[in-house]
Amino acid sequence: MLKGRNFIDPTDFTIEELDEVMNLAQDIKEDQDSYIDVCRGKILATLFYEPSTRTRFSFEAAMLRLGGKVVGFSEPGSSSVQKGESLRDTIRTVGCYSDIITMRHPKEGAPNYAIDYSYVPFINAGDGGHQHPTQTLTDLFTIRESKGRLDDMVIGLCGDLKFGRTVHSLLKAMSEHKNIRFVLISPEELQIPKYIKNMMDKKGIEYKEVERLEDVIDELDILYMTRVQKERFFNEADYIRLKDSYILDEEKLKNAKSDLAILHPLPRVNEIAYEVDDDPRAWYFKQVKNGMYVRMALIMKLLGVEKC
Ligand code: NCD
């Protein structure tokens, strides 16, 4: 039963519960007209303390396409946060006006704190370099769509594995599936955090860490590209040195499998050449659209509303 629950980490839901959300997303995708009014009278609050294009727009579009309404801010400077209001008071207040809240916050763990003060279901839209569970739902849905399964595959994650919260959430979620092997491709400074490695070791998940994409691209069923997370660097010189570590182009894809699926949470900076967009293996814009369907399904499940 997902009604009334929060979603702040992908493992808050079991594999079966994630499937339940994805199955609903699939039905919405195929039959959107049947859902245009299911959230009539409901309000989603979007609290974005950090920049966003896809996540905020897709949440807003999701609620509007379900017939609900949206309130919120995309700039904390335009709210009472600017006057010094605490996060707990903002969450309590917003919960008085809305039926469900989604928040993006630069501090890791902020959602764990916020849920203690929320009167309504709460969704983490990204907390610092920590987790991003709704992007993971999007990623799982897209992997399932491209491969027809979520078990038995080799997944390459490439780029900023240290600060990339989408990577952390995806690794956690995919580690629940059978016969998954990870190839972690990053410069040494941007390797995945220790706590994720510990989690994989504990579960007996097979993974290897490499620096060169060219050396492993032929092994992969999924290639998950990410940008170097500029805003989480302490030192600009390090960012400049590392930012163009990987640029995926048609030349590099020559050795890849013909049914490879290339994903990217976006925004892309430089890590995928535009020429790849027309390659049938590029899934990242389909992934963007899927993000709206899974958020529609998630909102419906947490609110406990059903197709009329
Ligand atoms: C990601 C994020 O915000 O973590 N974007 C997104 O939500 N689709 C990835 C990123 O910013 O690099």
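Biologist: Which residues surround the ligand?

Modeller: In this predicted model, the ligand is surrounded by T55, R104, H132, Q135, R165, T166, R227, Q229, P265, L266 and P267.

Biologist: How does that shell divide by class?

Modeller: Three of the residues around the ligand are nonpolar, five are polar and three are charged.

Biologist: What lies 3.1 Å from an N or O atom in the side chain of R104?

Modeller: An oxygen atom of the ligand. Backbone atoms come in too. A polar backbone atom of P265 is 2.9 Å from a nitrogen atom of the ligand. L266 also has a backbone N or O atom 2.9 Å from a ligand nitrogen.

Biologist: And how much of the ligand's area does the protein bury?

Modeller: The protein buries 94% of the 320 Å² that the ligand exposes when taken alone.

Biologist: Where does the ligand sit?

Modeller: In the largest pocket. That pocket holds about 530 Å³ of space. Its lining has 31 residues, and R54, T55, R104, L266 and P267 lie nearest the centre.

Biologist: Which helix gives the most to that lining?

Modeller: Helix 10, with seven residues. Helix 2 (54–65), helix 5 (133–147) and helix 6 (165–174) are among those that each supply at least two.

Biologist: What classes make up the pocket lining?

Modeller: Eight nonpolar, 14 polar and nine charged residues.

Biologist: New topic. How many cavities of 30 Å³ or more are there?

Modeller: One. The largest cavity has a volume of about 40 Å³.

Biologist: What lines the largest cavity?

Modeller: G159, T226, R227, V228, K243, S245, Y246 and E271. Two of the lining residues are nonpolar, three are polar and three are charged.

Notes
Residues are numbered from 1 along each chain as its sequence is written. This is a predicted model: local features need pLDDT of at least 70, side-chain atom pairs count only at pLDDT 80 or more; totals for chains, interfaces and linings use all residues. Side-chain values use heavy atoms; hydrogens and water are left out. On a 1 Å grid over the protein atoms alone, a cavity is a set of points where a 1.4 Å probe fits but cannot get out, and a pocket is an open set with protein on both sides within 12 Å along at least five of seven lines; lining residues have an atom within 4 Å of a point. Grid points are joined across faces, edges and corners, and a volume is the space filled by probe spheres set on the points. Helices (H or I, at least four residues) and strands (E, at least two) are DSSP runs, numbered from the N terminus. Ala, Val, Leu, Ile, Met, Phe, Trp, Tyr, Cys and Pro count as nonpolar, Asp, Glu, Lys and Arg as charged, and the others, Gly among them, as polar. A residue is near a molecule or strand if one of its heavy atoms lies within 4 Å of it. A polar contact is a pair of N or O atoms within 3.5 Å; within protein, one must be able to donate a hydrogen and the other to accept it, and residues adjacent in sequence count only if both atoms are side-chain atoms. Accessible areas come from the Shrake-Rupley method with a 1.4 Å probe; for residues, only the protein chains shown count as cover. A molecule sits in a cavity or pocket if more than half of its atoms lie within 2 Å of its grid points.
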